[in-house]
Amino acid sequence: MASGDGRAYGYRAGTWDPELVQVGAGTPAGELLRRYWHPIARSTEASPLPRNVRVLGEDLVLYRSLQGTPGLMLPRCCHRGTTLFYGRVEDEGIRCPYHGWLFAEDGRCLDQPCEPDRGRNRESYRQPWYPVVEYHGLIFAYLGPADKQPVFPRYDIFEDLDTETEEIVVIDHFAFGGPSDAPCNWFQTHENAMDPYHVFILHNAISGPQFDPKLEIWPRIEWQRSEVGVTATQDRRLPDGTILHRITETRVPTMRVIPTPTLTVLGKTNNLSWALPIDDTNTRVYAMVRKPKDRPPQGLPVYGDGKSWFDLSDDDHQRYPGDYETQVGQGPITLHSEEQLSSTDRGVSMVRRQFKDQVRRVADGLDPVGVTFDSSEALQSVIAGNYIVDATTDLATVPLAETLDRATPGD
Ligand code: FES
Ligand SMILES: [Fe+2]
């Protein structure tokens, strides 16, 4: 904090809130994150050629056995420690290149070729491993305690696919307006989803307009704490007299459900995304989209005079900053102690408070929101969307309709 007349002399950088930003094992927030499944790679990245991946600050090796099963393990071989990155993938698992121990996907040692009888006690060795699940082109991993492993969740918007005409694709550019990865803490990228006001400034006045012109109409904005996250609702009256009721969600811990800002999809949204905390200062966002096969997924946003993020020069990045520039621009980990939160940051505050509540629940030995151990409850329902509501619509059919009752767009 600077003092006196506010000049920078004497300014000292502040601190960040560890309960929001730390992702490592043993940290309070890292232990909350380890109670959920996280996307760690595209399915195509799991192949018989092992690849290094970094997840929640842990370095791991991902591969796919010749039988087609993905595996995720610590790279350091439990025999004498060389890396399985150089391992040979076989039908049943991965074989260490040094002395040939063979490990199944669940870490069991299947073969020790140098030992008598190929390892009389091989069952007693286990390579440290993590469980994985494949879902619509992404590989998800669970890095938490075995007795707390939740059922893998599925989402209603990705169910009952008409495989003749529809497909689900994974795209990279959803969160940062171009790149999939950003060199900053995941939480500052996540809370942005509950910051609708930046859209009018950053994505419109400064670098836009980047989205559908209807989103330039200033809406009534409210936030609600839901059972599993925080939602933001925007209600705006459109020129034809209907109301656009737009709902955006965050879900504990890392999910954002953001309806297409180009308004190409009306009704319940067709996509959701996850922030993957690679480590404390690196984040990747995976987005999954359901779409008609004959239509391309939402393209890259344009900046200024029609360029994509990847075409911008260094000067252009200054002229047309976007989500990447502003979120990375907050620093590797934003300094919470130096912020001046204002009335329009309410959604950000709510996301933080809810996340910290869950951090403390886990620290107290309780289960966090959104996990279930009952496989009959695996299916989760998304509510985010762009809902067009007119006077004849039964509001009971519109998610969070009570919000619409309270909000009077145009007031
Ligand atoms: S170090 Fe892996 S088998 Fe020896
Ligand atoms: Fe944005």
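Trainee: Which residue stands opposite H245 of β17?

Mentor: D235 does. Bear in mind that this is a predicted model.

Trainee: Which strand pairs with β17 over nine bridges?

Mentor: Strand β16, residues 229-237. The two run antiparallel. A hairpin with five residues between the strands connects β16 and β17. In that hairpin, G241 takes a positive phi near 95 degrees.

Trainee: What about β17 and β23, how many bridges there?

Mentor: Five, again in the antiparallel sense. Strand β23 covers residues 385-389. One bridge to look at has I247 partnered with G385 in β23.

Trainee: And how many bridges join β17 to β18?

Mentor: Three, and the strands run antiparallel. The hairpin from β17 to β18 passes through three residues. R251 sits opposite M255 of β18.

Trainee: Which residues of β17 point which way?

Mentor: I243, H245, I247, E249 and R251 go one way. L244, R246, T248 and T250 go the other way. All of them are buried. In a regular strand, side chains alternate between the two faces of the sheet.

Trainee: What does R256 touch, leaving out residues up to four places away in sequence?

Mentor: H190, A193, T250 and S273. T250 is one of the β17 residues. Also, R256 and A175 are 81 residues apart along the chain, with 9.4 Å between their C-alpha atoms.

Trainee: Different topic. What domains does the assignment give?

Mentor: Domain 1 is 37-134 and domain 2 is 150-406. Their centres, taken over C-alpha atoms, are separated by 35 Å.

Trainee: How many residues does each domain put into the contact?

Mentor: Domain 1 gives 10 residues and domain 2 gives 10 residues. On the domain 1 side, β1 and β2 each supply at least two residues. β1 gives the most, with five residues.

Trainee: What classes of residue make up that side of domain 1?

Mentor: Six nonpolar, two polar and two charged residues.

Trainee: Then back to β1. What sheet is β1 in?

Mentor: An open sheet of three strands, order β1-β11-β10, with antiparallel pairing. β1 (37-42) and β10 (132-135) are at the edges. Each has a single partner strand, so one side of each is left without a neighbour in the sheet. The twist averages 35 degrees from one strand to the next.

Trainee: How many bridges hold β1 to β11?

Mentor: Five, antiparallel, with β11 covering residues 138-142. R42 stands opposite L138 in β11.

Trainee: And what is the order of the sheet with β2?

Mentor: β2-β3-β4-β9, an open sheet of four strands with antiparallel pairing. The edge strands are β2 (51-55) and β9 (129-130), and each pairs on one side only.

Trainee: Is Y63 buried or exposed?

Mentor: Buried, with 24 other C-beta atoms within 10 Å. Y63 is found in strand β3. Leaving aside neighbours within four places in sequence, Y63 is in contact with A46, P48, P50, G71, V89 and I94.

Trainee: How does I217 count?

Mentor: Partly exposed, with 15 C-beta neighbours inside 10 Å. I217 lies in the loop between α4 (197-206) and β15 (220-225). The C-alpha atoms of I217 and F103 are separated by 58 Å.

Trainee: Last one. What is the mean pLDDT of the protein chain?

Mentor: The mean is 92, and 94% of the residues reach 70 or more. Watch residues 401-411, where pLDDT stays under 50. The model has 22 contacts beyond four places in sequence for that stretch.

Technical notes:
Residues are numbered from 1 along each chain as its sequence is written. Chains are lettered from A and ligands numbered from 1 in the order in which they are written. This is a predicted model: local features need pLDDT of at least 70, side-chain atom pairs count only at pLDDT 80 or more; totals for chains, interfaces and linings use all residues. Two strands pair if DSSP finds at least two bridges between them. Axes are lines fitted to C-alpha atoms, for helices over the stretch in contact, and angles run from 0 to 180 degrees between N-to-C directions. Domain bounds come from an automatic or database domain assignment. Two residues are in contact if their C-beta atoms, placed from the backbone, lie within 7 Å. Ala, Val, Leu, Ile, Met, Phe, Trp, Tyr, Cys and Pro count as nonpolar, Asp, Glu, Lys and Arg as charged, and the others, Gly among them, as polar. A residue is buried if 20 or more other C-beta atoms lie within 10 Å of its own, exposed if 12 or fewer, and partly exposed in between; C-beta atoms are placed from the backbone. pLDDT is the predictor's confidence in each residue, from 0 to 100.
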